[in-house]
Amino acid sequence: MKLVWCPETAAKAYIDTVELCGVCNDSGIAELVSSMAAGWNVSFIVEAWSHGGGTAASIGLAVACRHTNGRHVCIVPDERSRLEYVKVLEVAGMSPEVIVGEPEELMSELNGIDFLVVDSQQNRFSRVLKLAKLSNKGAVMVCKNTNSRSASSFSWRNVVDDGSHRLIRSNFLPVGEGLDIAHIGTCGGNSSSSEGKRRWIKHVNRRTGEEFAIRK
């Protein structure tokens, strides 16, 4: 299994998010993450957020869930953060699911994540990425505010290449304060196993003497 892109759903989420742009200062982030999450038809979105953080991405994620009928969970460290987050999302007409606690501790309780958003300005954000229990379809991981992050201290391969998942590609986008996006695939599985057993077999056309190969 793998995530499958649906451009129609991505476009609908993008348009809906544009209509809500007035409630956030950085609509570019909202529209981007909304169309990405909806386009990949993700079923479980998780974000780590704290007091003072931007909510543009959060609004985009909430819009995406409306189109995928997925679950959107936000992890906040304290009650102050929860109240602030809920207030902003409710202004946008959203009713988010919020869990209070440390992201590193709560990740073990959240299985099958296929879209994860963290803030690079938060302490030990890379640890949160590493502890995430990703979906067997793969996942998309997003780091916000990467312009302020020390590039030399972070590597996607260090947090996702764990034997069950692998990094397919990553891209940096100059949106907002910088977005670092990674597409994660799964390792093994029946499809990969059977692919590994395939081999080339040489055949000879008896009439013409021409040689050709067929992969089986």
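Predicted model: local features only at pLDDT ≥ 70, side-chain atom pairs only at ≥ 80, totals over all residues.
Residues are numbered from 1 along each chain as its sequence is written, and side-chain values rest on heavy atoms, with hydrogens and water left out.

The secondary structure of the protein chain comprises eight helices and eleven strands. Of the 216 residues in the protein chain, 43% are buried. Here buried stands for under 20% relative accessible area, exposed for over 50%, and partly exposed for values in between (1.4 Å probe, protein chains only). Contacts were defined by heavy atoms within 4.5 Å. Among the contacts in the protein chain with a separation of 6 or more, 64% are between residues 24 or more positions apart.

The protein chain exposes about 11,600 Å², of which carbon and sulfur atoms supply 47%. A nonpolar patch on the surface is formed by Tyr14, Ile15 and Val18, which together have about 260 Å² of accessible area. Patches consist of residues with over 30% relative accessible area and no salt bridge; like charges are joined within 9 Å, and nonpolar side chains (Val, Leu, Ile, Met, Phe, Trp, Tyr) within 5 Å.

Side chains of opposite charge can pair when their charged atoms come close. A salt bridge was assigned where a side-chain nitrogen of Lys or Arg lies within 4 Å of a carboxyl oxygen of Asp or Glu. The count by this rule is four salt bridges. One of them joins Arg71 and Glu97, with the closest N and O atoms 2.8 Å apart. This pair links distant parts of the chain, since Arg71 lies in strand β2 (residues 71-76) and Glu97 in strand β3 (residues 97-100), 26 residues apart. Arg71 is partly exposed at 37% relative accessibility, and Glu97 is partly exposed at 33%.

Another salt bridge is formed by Glu79 and Arg82, whose closest N and O atoms are 2.6 Å apart. Glu79 and Arg82 are separated by about one helical turn because they stand three residues apart in helix α4 (residues 79-91). Glu79 has 41% relative accessibility and counts as partly exposed; Arg82, with a relative accessible area of 25%, is also partly exposed.

Glu104 and Arg124 also meet in a salt bridge, at 3.0 Å from N to O. Glu104 is part of helix α5 (residues 103-106) and Arg124 of the loop between β5 (115-119) and α6 (125-131), so this pair ties together parts 20 residues apart in sequence. Glu104 is partly exposed, with a relative accessible area of 26%, whereas Arg124 is exposed at 51%.

The loop between α4 and β3 contains Pro96, which is partly exposed at 21% relative accessibility. Pro96 touches Tyr85 and Leu89, when residues up to four places away in sequence are not counted. The C-alpha atoms of Pro96 and His72 are 6.9 Å apart in space, although the two residues are 24 apart in sequence.

A pair of aromatic rings is described by the distance of the centres and the angle of the planes. Rings of Phe, Tyr and Trp (its six-membered ring) were paired if their centres lie within 6.5 Å, and were called stacked with planes under 30 degrees apart, edge-to-face over 60 and tilted otherwise. Four aromatic pairs were counted by this rule. The rings of Trp5 and Trp40 form an edge-to-face pair, because their planes stand at 70° with the centres 5.2 Å apart. Trp5 lies in the segment before α1 (7-19) and Trp40 in the loop between α2 (27-39) and β1 (44-48), so the pair ties together parts that are 35 residues apart in sequence. Trp5 is partly exposed at 40% relative accessibility, while Trp40 is buried at 17%. Elsewhere, ring pairs link Phe125, Phe154 and Trp156 into a cluster.

Cys74 is buried, at 0% relative accessibility, and Cys143 is buried, at 0%.

Key
Helix = DSSP H or I, 4+ residues; strand = E, 2+ residues; numbered from the N terminus. Areas by Shrake-Rupley, 256 points an atom, 1.4 Å probe, with all protein chains shown as cover.
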